[in-house]
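This report walks through one protein model, from its overall make-up to single residues. Keep the sequence and the structure in view while reading.

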Amino acid sequence: MLTLKDRQINAIKQMLNLNQPQTKALAAEPVWKILIYDRIGQDIISPLISIRELRELGVTLHIQLHSDRDSIPDVPAIYFCAPTEENLGRIAQDFQNGLYDVYHLNFISPISRQRLEDLAAGALQAGCVANIHKVYDQYVNFITLEDDMFVLKHQNSDLLSYYAINRANTQDFEMEGIMDSIVDSLFSVFVTLGNVPIIRCPKNSAAEMVARKLEKKLRENLWDARNNLFHMDATQTGTFSFQRPLLILMDRNVDMATPLHHTWTYQALAHDVLELSLNRVIVEDDAEKAAATGAKSKMKACDLDSRDKFWSSHKGSPFPTVAEAIQEELEQYRSSEDEIKKLRTTMGIEGEMDVAFSMVNDNTAKLTNAVNSLPQLMEKKRLIDMHTKIATNILNFIKSRRLDSFFELEEKIMSKQALDRALVEVMKDPEFGTPEDKMRLFIIYYICSNVADAEYQRLEQVLKECGCDLAPMPYVQRWKSIMKSTVTNPNQYEGSGTKTVSMFSKLVTQGSSFVMEGVKNLVVKRHNLPVTKITEQLMECRAGGELEDYLYLDPKLLKGGDVVPKNRAPFQDAIVFMVGGGNYIEYQNLVDFIKTKQTGNASRRIIYGASTLTNAKQFLKQLSLLGQEIGGA
């Protein structure tokens, strides 16, 4: 079964193959070509295809559309960009300047009839109509970050942010624009998957606006005999075979505590403290050395993707487990290195000829083996070094900001357990995290507990003294009062919590590269976040409870598509999409949940998508902007 990521990679490779299906005969010399993309095209390609792979596909040069480019005759030029006025103007200028002999134009999302005519007029004027070999709509207007995760925007992602959707003075036409942009991308996702979903979403929310528009767009396409994108020929059967997937559209307002939550797993920590973006983090190289010499520390970019086995298996693990795993990998690597060193010394054996001869024979085989495994060893060493750097950087943040204690406290608050020390005491402690960390803790406490006015004022006073910016509070208070009337389930985080176990012996020994002193080894209890709970109920087709308000839309039906059918079989596949920004904590929670649901005869899958990926810092900033609007109104 191909994942969403595989299918998007295939679509892009086919485009780079001049829109010819890829043949198996790789021995043939590829057609050399150049790739010209805009920022959006770059964001889509960079997490999927490395520069080396581009070379293998025959791309000798890849450049930005809006850069100064020289004329390169005799090679086909593949354009991969969004059909915006600005981009089309630049393409028309290229025609005019006669930059290339052969043009293949690929638009990330469909180009409108009007713009296509304008482009054709430009080509006529430049007299290069014969040079334009192909014009394609690609339907790949989304960014796949994992096999089972995608976001819609990276450049200008503020246009689809929680703030943009919820701010007070958004004009109707702006809101329509935001919704159309989300629908356009979601439509691309389903064209890429090759399947028409059944849509569920809460009533009276931004998610419903998206759902209605998407249903209309899918239905119009299904009933358009000429341009139906879901009538595949037999070779291109949809990913999900006969089973249709369930698309669950949710609004960020369903759970506001999780995006602010301090986290404890590797990938989510990298996003929270190191600003992981498009599967790349930028970390300080040799921070200790720089501190010792007073020199400016160099920054190093690290790519974290599914090609890295360590990352694939540990991105969802708690941080101390990751530190232990890095330590183990390092020890394995050292023992392999020692073996090779030993071979060197034993090759110079003296003494009886027979013994020496048999030893040499034996060792020759070993040496051949060692030489063959050297490239893998070098790659392993590179990955270990990279993860050691990233983990050391994260560890420094955990220690300086006491992130383990924040995580533990928030888990207790969310699961309604008693706290060891009063929150006021914690907030007063100057050593305890940054003002921003305290604000995150306070908002989670406010959302998850019934805070009396007197206590609220006391906490507010303490936070002001600590230098916290209380701008988000007017908005959070308004949100809470609106949600109180609609949310029926006060225990939505039940079952969460942590327990502290002693640190792994490997990490306490002096030989460890991680000094874990003072960091708690927290084990997280397996529990479902609100998003996962709703997903489970909708996949199982359970009725009742808070899901009574969820609409049921089926684009394949002309009439009566919004009545939930009785006795429907549970869904095997779901796409969970968060309007207003998602995060790695929810993604990881869904991944862990679906692992527990696998049975021998049926594999169940969830894809998590979001309009944008925001970490807590960015989300807090958006809440501040919303709060200032209310405060200043």
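## Ground rules

Helices (H or I, at least four residues) and strands (E, at least two) are DSSP runs, numbered from the N terminus. The model is predicted: local features need pLDDT of at least 70, side-chain atom pairs count only at pLDDT 80 or more, and totals for chains, interfaces and linings use all residues. Residues are numbered from 1 along each chain as its sequence is written, and side-chain values use heavy atoms, with hydrogens and water left out.

## The chain as a whole

The protein chain holds 22 helices and 16 strands. It has 633 residues, and 51% of them count as buried. Buried means under 20% relative accessible area, exposed over 50%, and partly exposed in between (1.4 Å probe, protein chains only).

Contact means heavy atoms within 4.5 Å. Among contacts with a separation of 6 or more, 80% come from residues 24 or more positions apart.

## Lysine 315

Lysine 315 sits in the loop between helix H11 (309-314) and helix H12 (319-347). Is it buried or exposed? Lysine 315 counts as buried, because its relative accessibility is 13%.

Its side chain makes a polar contact of 2.5 Å with the side chain of glutamate 146. A polar contact is a pair of N or O atoms within 3.5 Å; within protein, one must be able to donate a hydrogen and the other to accept it, and residues adjacent in sequence count only if both atoms are side-chain atoms. Leaving out residues up to four places away in sequence, lysine 315 touches Glu146, Thr265, Tyr266, Gln267, Tyr587 and Gln588.

## Aspartate 255

Aspartate 255 belongs to the loop between strand E9 (246-251) and helix H9 (266-274). It is buried but has no salt bridge. A salt bridge is a side-chain nitrogen of Lys or Arg within 4 Å of a carboxyl oxygen of Asp or Glu. The nearest side chain of opposite charge is arginine 252, 4.3 Å away. For charge, Lys and Arg count as positive and Asp and Glu as negative; His and the chain ends are not counted.

The side chain of aspartate 255 does make a polar contact with that of threonine 258, at 2.4 Å. Beyond neighbours within four places in sequence, aspartate 255 contacts Tyr493, Pro530 and Glu586.

## Helix H20

After H20 comes cysteine 541, with a positive phi near 60°.

Most residues other than glycine have a negative phi. Asparagine 156 has a positive one, near 50°. It lies in the loop between strand E7 (149-151) and helix H6 (162-166), and is exposed at a relative accessible area of 53%.

Asparagine 279 also has a positive phi, about 60°. Its loop runs between H9 and strand E10 (280-285). Asparagine 279 counts as buried, at 5% relative accessibility.

## Glutamate 517

Glutamate 517 is in the loop between helix H19 (505-508) and strand E13 (521-524). At 65% relative accessibility, it counts as exposed. Lysine 399 is 118 residues away in sequence, yet 9.0 Å away in space, C-alpha to C-alpha.
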